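Let's take a walk through this one together, starting from the inside and ending with the charged pairs. Have the model open as you read.

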Amino acid sequence: MSVNRCLYLFSRFRRRVNARPAHLARSSCHAFSGSVSLHGEYPMCAVVSSRKSSSSSKPPDTSLFVPLTLKNDLSAEGSVGAELTKPLDKHELLKIVNRFYKKKEMQKLAADNGLDARLFHQAFINFRKYILEVTSLPADLHIILNDICCGAGHIDDIYPYFMRHAKQIFPMLDCMDDLRKISDLRVPANWYPEARAIQRKVIFHAGPTNSGKTYHAIKRYLAAKSGVYCGPLKLLAHEIFEKSNQAGVTCDLVTGEERTFVDPDGRASGHVACTIEMCSVTTPYEVAVIDEIQMIRDPSRGWAWTRALLGLCAEEIHVCGEPAAINFIRELMYTTGEEVEVHTYQRLTPFSILNSAVESLDNLRAGDCIVCFSKNDIYSISRQIEARGLECAVIYGSLPPGTKLSQAKKFNDPDDPCKILVATDAIGMGLNLSIKRIIFNSLMKPNINEKGEKHMETISTSQALQIAGRAGRFSSKFKEGEVTTMHRDDLPVLKDILSRTVEPIETAGLHPTAEQIEMFAYNLPDATLSNLIDIFVSLSQVDGLYFVCNIDDFKFLADMIQHIPLNLRSRYVFCTAPINKKQPFVCTSFLKFARQFSRDEPLTFDWVCRHVSWPLAPPKNIKDLVHLEAVHDVLDLYLWLSYRFMDMFPDTASVREIQQELDTTIQAGVRNITRLIRATNPAAITGPLQIQKDGVQTDATSSHSSGARRNPSSPRRSGRAMDSSLTNRLMRDGLLTSEMLEQLQREWSYGQRKESTNQDALDLNNHTNSYKDNTRKKRK
């Protein structure tokens, strides 16, 4: 290295060293009156109060802070520090840095600058490894460490360089105030300036199911010059779309997977029916209808109702839902300066709770709907009904919308021999069904708690009322409804649930937007999307009216495609795709879609057909049917992405055509579902199939189904003996799962074998002793 370059580097280093306060090098850190901050590329001490200004904020969850890997390339400058001083003794360095770590003053000073005990330890381990393993240290750090080794420096001098390193591996420490501002969610009403620019009139149509509340809101919607209907399901949006056009009011349809324009040239109509996630908060309307407003507290989707309520640009906002939401919506609208006008409605047709349970499938009659909370019970009960010579329709959540409508039409048709419906709580909204009696097969529903753990819990009053309200609807032939349970023990529990008042709604959901995450990423460019979301939620501030929605599904998808090179906006959009993460085929397809997209290779119709092995054969058993449902979801995913990346998913029309064919195939399979159940190999079901129980995996033909009880007078006494057993009751109440049962059976078999072995050994021993005694007697 030239003399001039050496002098230049040395003088530059000396200027930086001289800039440090003198007391830093020779005195205890107790002399500091403020916290330390780094300014520019190299550290200098300064009194900083900006971080203290946010002391009222909740402390960040530092377990989410992932240290970055530093890329140190000082080969251009060479080992300047070693040239100016001498090479460092690694053993001596190790002693010095360990002494630095143990000093309480250093730990306290670091804590004042955002390094709690956990981060301080992580940063120190990283810093120690860095100075011991790196080929050449920065000149200033090398000289300071050399001074300390020679006794010419104080161990406290390491602190600024330690903090410089800590902020390099934890960049969020330097921008914590900015991150807090970005994640401040306390005034979401201000996110929608277009809506705040107009004085909106909010009308709440409150009432139970089948009270006509939505009917009155839609009546005003149809009479308006322009309007938007926002519903929770594609089926509801389709219904309003068809009803509007049949009434002579041109209406378009917008869902995540579909755009249908009445105008042949594709011009937008004045009215639009959409799923609530798809509503526009910038398009002006005369009237907007928000259906099922009580879902604003939904842990996963509540943000969509909050966004619609606060952001729709409509002169009139008609809100429909349970009375339990009235006070909360009033309070929410108080923050926007808008008053709420409330219209209350009573149920048009009564329903009564019967004093006796059904107890046996032999007691079913026309117009009955058995409500289950798992596919396991759906399949089991369907087969038992068919064994009695009756036909039944089947509806559950993962069926395509067309199949649900087909099954509903079959059940509603007075000329069809099908008079029994077996369904999950998917019938709670979105379908008009001619039901006389709702029969709860169970009152326990699988759920996943905040920790992601599966558990069983009793259905809520709101859920029970929503389902029970499907009996005796005003538009059906049954003018009075009845509600009961399949099992005698459940009936008093159901009566207690339905007698309670619905818990009032107290909070509304929020969700970080793509723009907020992009601003986060600007400050933390090397963080993963999943980590960005975690830190955002950890730092987010909400007032008492709101909560941050569950982001586990988003993070699951983000982690799945983290290794695929995508820009942040595209990655965010992919991770908001509505897919069932419990279906392996759908998740695999999602991964392949993202990989193909990242290569900038369009996902053509031929490519999709090869992936799903189109054409597909009709299902021969339940396993085949479940796979066809998964393929339908994959095609839905393609259509959903095609409206966000039109150039990369170009064959929307062709994919929609084969999806309609697939829907027809699934409909045929569901019509013959009992035949598929009979054809299903039980070993295949308990093995690779593992049909999902709305979140809990289980067998499709479990003999312990809670719906399999029989009447004592039934000739099938063996079935009743098994179904009324302790095992069945425990499984029905969620206290025993099929996996636990299998383990108990294995342990019991093992115990029996062990007992038998011990007994055989004992018998052999007795026999041997007896033989010896007899031998001795003969000898005598």
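What follows looks at nonpolar cores and then at salt bridges. Keep in mind that this is a predicted model.

Start in the largest nonpolar core, which has 158 residues. The members touching the most others are Phe 162, Phe 574, Phe 593 and Phe 649. Helix H25 (residues 622–642) supplies the largest share of this core, with 13 residues. Zoom in on Phe 649: leaving aside residues up to four places away in sequence, its contacts are Phe 574, Phe 593, Phe 597, Leu 603, Tyr 638, Leu 641 and Ser 642. There is also a second, separate core of 27 residues, with Ile 395, Ala 423, Ile 459 and Ala 464 among them.

Now for the charges. Side chains of opposite charge can pair when their charged atoms come close. How many salt bridges does a search of the whole structure find? It turns up 27.

One of them joins Glu 338 to Arg 200, at 2.9 Å from N to O. The two sit 138 residues apart: Glu 338 is in the loop between helix H14 (326–334) and strand E8 (340–344), while Arg 200 is in the loop between helix H10 (193–196) and strand E1 (201–206). Both Glu 338 and Arg 200 are buried, and together with Arg 196 they form a network of salt bridges.

Lys 243 and Glu 239 make another bridge, at 4.0 Å from N to O. They are about one helical turn apart because four residues separate them in helix H12 (residues 234–246). Lys 243 counts as partly exposed because its relative accessibility is 38%, and Glu 239 is partly exposed at 25%.

Finally, Arg 267 and Asp 265 pair up at 3.5 Å, N to O, and here both partners are exposed.

Note on methods: Residues are numbered from 1 along each chain as its sequence is written. This is a predicted model: local features need pLDDT of at least 70, side-chain atom pairs count only at pLDDT 80 or more; totals for chains, interfaces and linings use all residues. Side-chain values use heavy atoms; hydrogens and water are left out. A nonpolar core is a set of buried Ala, Val, Leu, Ile, Met, Phe, Trp, Tyr and Cys residues joined through side-chain atoms within 4.5 Å. Buried means under 20% relative accessible area, exposed over 50%, partly exposed in between (1.4 Å probe, protein chains only). Contact means heavy atoms within 4.5 Å. A salt bridge is a side-chain nitrogen of Lys or Arg within 4 Å of a carboxyl oxygen of Asp or Glu.
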